[in-house]
Amino acid sequence: VSNLDLVGQTVVLKELDESYRRVTADSTEYGCAYHGDKIVGGIQKLATGDASGSTGFLTIRTEEEEEEMNVSHASVHPVEDPPPATATPVENHPPRVRMDDIEGMPGTLLGVALRFFQFLFAAASLSVMASTSDFPSVTAFCYLVAATGLQSLWSLALAAVDVYAIMVKRSLQNRRLVSVFAIGDGVTSTLTFAAACASAGITVLIDNDLNSCAQNHCVQFETSTALAFISWFAALPSFLFNFWSLASR
């Protein structure tokens, strides 16, 4: 086909004549020679006139047929699924160890055991020191009695709380509760340690420097001081666990 190759394409017929038709392809009007249901001969732009000498064929439709074809053969364009979001592999980020999963924290069996030993040794230290008649004459021994008394009451109260939490299966990993536990353990353990150190100094002074154990209850003083140190050793893990839990939040 001369000047414009439209062979094999489908175009919309705009005007009909007996031997000449005007068609539209790609929004451009063309003139053509028509015979039967085929355009025969040259296809040129309308302004250049007709052309001849070609044997190309072009299938045409009227505007009404084109509308029917568009309705009956609606184009459906598939939509591709969006790529799935890249999930972070679990194996690359292992779960962090939660503090409430560690034995020794409040509300655990080891926590109850620590509280029991704290109370036991503090109460024993208090009882041994209070059994002597001359401890009120030494300020360090009075301080030891007060510190171990406070330690035994605090440990007994928290032991009861831990037992209740275990029985009702309730977690004590509340920020306010952990703050109270950490502060209380820090204060009581510090007082117990200071009282034990002071009592140990007085005991060494009486026994080694003054050599007056015969007139004093050195055995009871040393025993009470040793029990106070053991109570402090039992209270230290509770304080460290609570402080670690509080700092990791």
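1. Buried residues (under 20% relative accessible area, with a 1.4 Å probe and protein chains only; exposed is over 50% and partly exposed lies in between) make up 35% of the 249 residues in the protein. Keep in mind that this is a predicted model, where local features need pLDDT of at least 70, side-chain atom pairs count only at pLDDT 80 or more, and totals for chains, interfaces and linings use all residues. Residues are numbered from 1 along each chain as its sequence is written, and side-chain values use heavy atoms, with hydrogens and water left out.

2. On the overall layout: the protein has five helices and five strands. Both are DSSP runs numbered from the N terminus, helices being H or I with at least four residues and strands E with at least two. Read from the N terminus, the order is β-β-β-β-β-α-α-α-α-α. For contacts (heavy atoms within 4.5 Å) between residues at least 6 apart in sequence, 63% join residues at least 24 apart.

3. Now helix 3, residues 139-167.

4. What comes after helix 3? K169 follows helix 3, in the loop between helix 3 and helix 4. Phi of K169 is positive, near 55°, and this residue is not a glycine. Most residues other than glycine have a negative phi. K169 counts as exposed because its relative accessibility is 78%.

5. A nonpolar core here means buried Ala, Val, Leu, Ile, Met, Phe, Trp, Tyr and Cys residues joined through side-chain atoms within 4.5 Å. The largest one has 14 residues, and M129, F135, F141, L144 and F221 have the most contacts inside it. Helix 3, helix 4 (175-209) and helix 5 (218-247) each supply at least two residues of this core, with helix 3 giving the most, five residues.

6. Which residues does F141 touch, leaving out those up to four places away in sequence? They are M129, F135, S199, I202, T203 and F221.

7. Finally, the surface. The protein exposes about 15200 Å², 61% of it from carbon and sulfur atoms; accessible areas come from the Shrake-Rupley method with a 1.4 Å probe, and for residues only the protein chains shown count as cover. V163 sits in helix 3 and counts as partly exposed because its relative accessibility is 37%.
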